[in-house]
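Take a walk through the model below.

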Amino acid sequence: MTSSWKDWALLIGFSAVILCLPILLEPIGANYPDLLQKIAIFGLFAIGFNILFGLTGYLSFGHAAFIGIGSYMAMWSYKLLTMNVLPAIIFSTAIAGLLAFAIGYVSLRRSGIYFSILTLAFAQMMYNLAYSVLTPLTNGETGLQTRAIRSDPNQSLLDGDIRVIDQAFGVEEIGVPTTNFFGMAMSGYTGFYFCAVILILGFFIAQRITHSNFGMMLKAIKSNQNRLNYTGINTRPYLITAFVISGMYAGLAGGLMTATDPIAGAERMQWTASGEVVLMTILGGVGTLVGPVLGAGLIKYAEQKVSSWNEGIIADFFSFLPDGLRDFMAEISSLFVGEGWHMTLGLMFMIIVIFLPGGLMEGFRRLSVLFRRPKNRETMKSATIPSTKPGESIAPRAAE
Amino acid sequence: MDALFLQVLNGLDKGGAYALIALGLTLVFGTLGVVNFAHGALFMFGAFCAVSLERIFSTSYVTISETEKDFLGNPLKVDVPYIQEWFGSGTANFLQDYSVPLSILLAIVVMGFVGVVMERGLIKHFYKRPHADQILVTFGLAIVLAEIVRHYYGANPIPQQAPEIVAGAANVGNWFGLGDNVVYPWWRLVYFVFSLIVIGAVFAFLQFTTFGMVVRAGMQDRETVGLLGINIEKRFTIVFALAAIVAGVAGAMYTPIYPPDYNLGMEFLVLSFVVVVVGGMGSLGGAVLAGFLLGILQSFASMNEVKSILPALDQVIIYLVAVIILLTLPRGLLGRQGVMED
Amino acid sequence: MSNQVKEQAKTEDEDRGFKRGTPNTVLHIDDVHKSFAGLHALSDVDLDVREGETHAIIGPNGAGKSTLLNVCVGRLKPDRGAVVFDGNVLTGKSPHQINQLGVARVFQTPEVFPELTVLENVMVPALSKRDGHFRLNPFSSFSGEKALRDEAKHVLESVGLQAQFDDLASSQSRGDKRRLELAMGLIQHPRLLLLDEPTAGMARHDTNATIDLLKKIKEGGMTKVIIEHDMHVVFSLADRISVLAGGRIIAQGTPEEIKNNPRVKEAYLGEEQV
């Protein structure tokens, strides 16, 4: 089939773009490792979220819980076993998968808004617990951090690590230990490339899932779950599997967050964090493969940029205007920049949902149709008319 | 016994707030069919109506006192609120003291306006869109509203005072012959009674007016009412504004109990959604019942005796109840069949 | 189905004291009752469908025809009585289990997958037939299912949808959606096909084509239960007819017998012409 070479082309193109991000983003000043890492990590998170939301249409408002548990798991791997990130992210993914199974098993008994509320309730419970009874595991508001090897066996594990594997191999530690991948320090561009490779892997898996029989069933669930039951399909195990897969992606992303910056706090589990990944997905394009990564990249970039702008920069920007107008514009703009970044985020959210429910990918598709139309008008007509009666709308083929 | 009674009391004011928010939420859902994630922000807006009124009343100019001197013997600079200048100090003190209850009036006007603008400007375009879109767009709106408040009022909570006359605590235990251990802040009692009055007013409005009858019919069967040739659009706007006003006054009156900040709406939104779902989507009685029930349960869970057995139960009780209710009674406590079902 | 399950079903039947139908009975509806809020939609319905026959259920509007079908596919639970298909008690089973036993339903109002293409709409039930109610295969390739795709195309051609394999189902006309529905049922090669007014909303020309198609399937030996208003369709296809009125079966027999049955004429009086 032709679609399979198209898939490979997309994968190769995607990989090339991701690996070249440090160069590609240089002109817009976004090529520093911290931002690049975030783009890759949140891209992965959004890809996974899209497997659930994009394919099945089930809107989870609790995916931040998996990010949180992934982060905590990875931190404990650093504290107890080794600073190597590989076991850490394996643990994050696996445990997040288990948690997703438990939450999904219960939440997926209901659909629609009830499902959203159930997932939200579970995530809020975990968030609240992380701040209260689970403090010995999460270190509460301070957050879980790596420490030097403890000297006194009575010292709390929160204040002193043991790292049995590293100690067994006689790894020397000087000062605050850093995360590594078999010796490669996970900071700077190395950290980014590590995340980027995992992102590409995650993209590849998502691509396979989307184009599999399993993925087709998920799309059918979104399209008409009731009918699917009468077709002999038990939709529940499909939904649970999709939920677990997307939870594992989130757990992996949570693990990667600690790989590049070894600290985990409960604020990662707050429901606004769940909202953020929803926004990334819909901004890029729900149900598309590339869209979520695009959305994640744009939002992380905008967050870094917009929140770093201050009044001075704005005043400079509007300096060509007459005084009164300049002050006015600066006043208006100050709502949206710096601390006001969330305002921009909220507005973006609304604008996308109102005007472009299909996200940017849908926008691109519409643009390309616009440019292609003059050429193809004849063929399009002859292809669609025989089967359609007048008055019947021809719904656009969804992007992807 | 005393302790249990006190916990019930403790749950009442919070339960009242939950019930008022949930009432509006479920009213909007039941009639307009819209899931409004910005409803918590309306509660927060109401709270800031109280803050604003207090600020207006204390807006002052600086003058030099003719009689008083500071400790160095220089003329003393004093702030004179404009309302003192205009209405005399007696009225001014009264107004300042009663700024929170008076802010109800401001909240009604402001929230009514906000409600109409919101419904006409945004919500009405989402009647036919999927619930996911409604959730997403109102979620975005909630962020925007919160940020507007943060921009103008800062991020810190702003405490408000209850009127002098209801400062302090009532010895409720004495009333019921339970001894002196059960004392309870007066304002919280006021809030509880206030929430009952508002709930009663809303129910009376829906029960005894023609308008209310149409709205109730609409909640039963939206399509049929639309077919009757009734101008449903205009009524939708009014219902939405009503829900906004209820949330707003609930927020304004809540300020002495819980100092509002811009994030107040988000905190209450999640909880009140849970309340609505527990009560049953689209059921007004269910929302009120679940509101008080969850408020009281939450205060029970925060008792030390309970905490020693099940630590942190108070943190999760509401969500836990929601999960159990949703799994055992899919339609919530008083939910009707066919709401939000395929 | 394993023999064990069949045995179990048999003992269940016997426990309930079922009268077993004739040996070649495929579907046995036994004393089914269903009421909604006190209104009796079905009462004392007994019905046997024989292997290979086309059994039509007719009756005036509100007679309970759709309710009966819904009871058969697991959408509704009867208050009393049971439906037995090929030794398996269907009552209490979920819709997907019933389908996996070999009972497919063609819906009256088209229930397709609007966001999928016409071809995909037919391939989904085909996959369900082949892989069962759940198969964890996230790395299989949907586009690599060549055999199934060819079969799906073949079935689509037989219902006359060869021109629009890759069009979205939502873009199809109502009549085409009905034909798509039919194809979705046919591709599963069910042992029993339940058709809920398969030609409603079709033009006369399309109706005739559908009748021809259903006749052709009949030669293949597929058992069918068909609910239909159009008497032309009923008398062209049915081997036997059951007449449902007021939730009860008032007559049963060959088309000839039904035509001459006075009770049927009475039930239909003022409703429709027979």
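Pro110(C) touches Arg174(C), Lys177(C), Arg178(C), Leu180(C) and Glu181(C), leaving aside residues up to four places away in sequence. Contact here means that the C-beta atoms of two residues, placed from the backbone, lie within 7 Å. This is a predicted model: local features need pLDDT of at least 70, side-chain atom pairs count only at pLDDT 80 or more, and totals for chains, interfaces and linings use all residues. Residues are numbered from 1 along each chain as its sequence is written, while chains are lettered from A and ligands numbered from 1 in the order in which they are written.

Where does Pro110(C) sit? Its place is the loop between strand E6 (103-106) and helix H4 (118-131) of chain C. Helices (H or I, at least four residues) and strands (E, at least two) are DSSP runs, numbered from the N terminus. Pro110(C) counts as buried because 21 other C-beta atoms lie within 10 Å. The cut-offs are 20 or more such atoms within 10 Å for buried, 12 or fewer for exposed, and partly exposed in between, with C-beta atoms placed from the backbone. Between the C-alpha atoms of Pro110(C) and Gln100(C), 10 residues apart along the chain, the separation is 21 Å.

Four bridges join E6(C) to strand E7 (residues 192-196) of chain C, and the two run parallel. Strands pair if DSSP finds at least two bridges between them. Within this pairing, Arg105(C) stands opposite Leu194(C) of E7(C). Both strands belong to an open sheet of six strands in chain C, with order E6-E7-E8-E3-E9-E10 and mixed pairing. Its edge strands, E6 and E10 (248-253) of chain C, each pair on one side only.

Now turn to chain A. Helix H10 (residues 213-230) of chain A spans only 18 Å between its end C-alpha atoms, whereas a straight helix of 18 residues would span 26 Å at 1.5 Å a residue. That expected span is 1.5 Å times one less than the number of residues. H10(A) bends by about 120° at Asn224(A). The bend is the angle between axes fitted to the seven residues ending there and the seven starting there. H10(A) is mostly covered, with 15 of its 18 residues buried. After H10(A) comes Gly232(A), with a positive phi near 95°.

Last, the interface. Here 31 residues of chain B are in contact with 35 residues of chain A. On the chain B side, H5(B) gives the largest share, 13 residues.
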